There are 2 protein chains.
Amino acid sequence: MISSVASRRHVIADDLRNLISTGRLKARERLPSEAELAVRYQVSTPTLRNALALLQAEGLIEKIHGKGNFVRRPLPRVTYVGGGLVPAQPVLPVSVHVKKLRARGDVAALLRVAAGSPVTELRFLSHDGQTPHSLAHVYVPRDLAPTDVPADPHWPQEVASLLSGSLPLLTEVQEKVLVRLPTPPEAAALRISSTLAILAVTRVATDTTGRVIEVALLVLPGDRTDAVFTTRHTTGERSAEG
Amino acid sequence: MISSVASRRHVIADDLRNLISTGRLKARERLPSEAELAVRYQVSTPTLRNALALLQAEGLIEKIHGKGNFVRRPLPRVTYVGGGLVPAQPVLPVSVHVKKLRARGDVAALLRVAAGSPVTELRFLSHDGQTPHSLAHVYVPRDLAPTDVPADPHWPQEVASLLSGSLPLLTEVQEKVLVRLPTPPEAAALRISSTLAILAVTRVATDTTGRVIEVALLVLPGDRTDAVFTTRHTTGERSAEG
DNA sequence: CAGTGGTCTAGACCACGAA
DNA sequence: TCGTGGTCTAGACCACTGT
């Protein structure tokens with residue numbers, strides 16, 4: 001963690017980082033204004049802002065326009081467990097929005113249905129305290145989804161049980177994980193900086209007949225998400241790595 | 001992809017991004033100097049550099065001090081397939097360095113051996129053409145590793161077969177995936193900007209006796225890596241999601 | 001050496017939030 | 001309104017790369 005050729009902004013960032021990690025700047029606390037910090041560190045405001053940008057990229061501070069810079073709560077990391085379906089027992093409180101629509105290009109392709117096929121969209125937004133944590137769009141072919149989906153089910157348990165109740169047996173879940181920057185709406189929904197990389201998971205669940213029963217597009221903030229995948233082998237199979 | 005309240009640097013970044021994606025700026029090509037671009041776009045150099053920083057964060061351009069800004073080769077994405085061991089049939093050419101050492105804190109804990117236990121370290125660096133792609137540190141308990149590891153095996157095939165040959169049956173591979181910024185040595189080894197997020201995979205392979213036979217720490221560049229994990233279910237088990 | 005990017009300055013003006 | 005962060009300017013000087 002020691003920068004060899006420390007530029008000023010790195011020195012400042014290191015100093016502030018120490019203040020935060022040692023607790024002298026506490027969570028949710030407001031930092032002195034940028035003008036004041038610039039005076040304190042004897043640098044110009046752009047340089048000081050550059051230092052803050054480093055901390056922001058690390059997810060240590062949050063900038064709020066017109067209010068100030070705030071120390072972010074020491075990130076409680078949340079573990080995403082791969083291989084599942086719609087959260088049966090969500091770890092965090094979740095709000096759900098249900099929409100009936102017709103499959104567009106990407107979703108249709110993943111669901112392996114014709115474009116325009118009726119699907120049910122479930123939009124999950126999980127919260128950790130007051131701050132949003134993760135965003136999920138789940139798509140289920142309409143004929144698999146229960147006919148009467150409650151307009152705004154407060155308990156995703158309902159949704160989950162609806163899904164898990166009368167479905168054919170799940171045989172395979174394939175998850176594609178990639179890193180990217182959030183789109184503006186994603187950054188807004190998760191209240192993260194658009195410079196903070198996210199973990200994007202595309203999950204496709206298949207039943208015993210080979211039919212795709214669920215497609216989920218998950219957006220997990222990169223600074224506080226661990227994703228865990230477990231593969232069990234019965235024989236001595238091996239896969240490759242690039 | 002349309003920025004509503006486009007600041008100048010976003011306008012410039014959008015323009016250059018288009019020039020790149022439409023091929024009017026070709027791969028490996030040098031961009032005009034920052035001074036020249038600043039004149040062309042009628043902005044100051046910091047603003048222009050700010051625009052380039054956006055493209056750099058997206059992995060579209062590469063800055064080389066003293067030489068210029070270069071369009072990066074259209075990123076051939078490489079898929080990491082989860083659930084495997086040391087690459088049996090690596091997709092990309094790999095250079096390997098073997099070292100015998102004693103387990104330190106983290107590695108010892110993951111291997112579930114006492115600190116100071118002898119382990120063999122395999123350092124893999126895969127290349128895609130001339131540019132490095134991924135970095136892997138694989139740790140195997142010494143008594144599981146073959147006694148005579150060649151000093152510098154050019155063919156990882158050798159290493160892989162050594163590993164896959166006389167090992168107990170693999171039963172479970174657990175992979176923990178997270179996003180973070182690269183450490184300076186990682187950024188140097190992969191020749192990526194230290195602002196480009198990477199996918200860090202911690203892979204723990206267990207054999208039939210419950211013993212950990214391999215721990216791998218993988219670093220995969222976020223701008224050109226897909227990681228795919230497949231979970232097969234025999235019963236209708238379900239997992240949770242945060 | 002000349003040309004390039006890397007860093008920094010000392011301001012200016014705009015946009016947002018709270019009173 | 002005032003204080004905050006967001007953006008931008010028009011330079012300056014340093015560090016690296018090639019000739």
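1. Helices (H or I, at least four residues) and strands (E, at least two) are DSSP runs, numbered from the N terminus. The model is predicted: local features need pLDDT of at least 70, side-chain atom pairs count only at pLDDT 80 or more, and totals for chains, interfaces and linings use all residues. Residues are numbered from 1 along each chain as its sequence is written, while chains are lettered from A and ligands numbered from 1 in the order in which they are written.

2. DNA strand D. A residue is near a molecule or strand if its C-beta atom, placed from the backbone, lies within 6 Å of it. There are 23 residues around DNA strand D, and those that come nearest are Ser33(A), Gly66(A), Arg8(B), Thr47(B) and Gly66(B). Two or more residues each are given to this surface by helix 2 (34-41), helix 3 (45-57) and strand 2 (68-71) of chain A, and by helix 1 (8-21) and helix 3 (45-57) of chain B. Helix 3 of chain B gives the most, with four residues. By class, the surface near DNA strand D has four nonpolar, 13 polar and six charged residues; here Ala, Val, Leu, Ile, Met, Phe, Trp, Tyr, Cys and Pro count as nonpolar, Asp, Glu, Lys and Arg as charged, and the others, Gly among them, as polar.

3. DNA strand C. The elements that give two or more residues to the surface are helix 1 and helix 3 of chain A, along with helix 2 (34-41), helix 3 and strand 2 (68-71) of chain B. Helix 3 of chain A gives the most to the surface near DNA strand C, with four residues. The classes there are four nonpolar, 13 polar and six charged residues.

4. Helix 1 and helix 3 of chain A. Two packed helices are described by the angle between their axes and the distance between the axes. Axes are lines fitted to C-alpha atoms, for helices over the stretch in contact, and angles run from 0 to 180 degrees between N-to-C directions. Helix 1 (residues 8-21) of chain A packs on helix 3 of chain A at an angle of about 55 degrees, with their axes 8 Å apart. That makes helix 1 of chain A oblique to helix 3 of chain A (angles under 35 degrees count as roughly parallel, over 145 as roughly antiparallel, 65 to 115 as roughly perpendicular and the rest as oblique). In the contact, Arg8(A), Arg9(A), Ile12(A), Ala13(A), Leu16(A) and Arg17(A) of helix 1 meet Thr47(A), Leu48(A), Asn50(A), Ala51(A), Leu54(A) and Leu55(A) of helix 3 (two residues are in contact if their C-beta atoms, placed from the backbone, lie within 7 Å). This contact has seven nonpolar, two polar and three charged residues.

5. Helix 2 and helix 3 of chain A. These helices pack at an angle of about 105 degrees, with their axes 9 Å apart. Helix 2 of chain A and helix 3 of chain A are therefore roughly perpendicular to each other. Glu34(A), Ala35(A), Leu37(A), Ala38(A) and Tyr41(A) in helix 2 meet Thr45(A), Leu48(A) and Arg49(A) in helix 3. The contact has five nonpolar, one polar and two charged residues.

6. Helix 1 and helix 3 of chain B. The angle is about 55 degrees and the axes are 8 Å apart. That makes helix 1 of chain B oblique to helix 3 of chain B. Their contact divides into seven nonpolar, two polar and three charged residues.

7. Strand 1 (residues 61-64) and strand 2 of chain A run antiparallel, joined by four bridges (two strands pair if DSSP finds at least two bridges between them). Glu62(A) stands opposite Phe70(A) in strand 2 of chain A. The two strands form a hairpin with three residues between them, and Gly66(A) in the turn has a positive phi of about 85 degrees. In chain B, nine bridges join the antiparallel strand 8 (residues 198-207) and strand 9 (residues 212-221).
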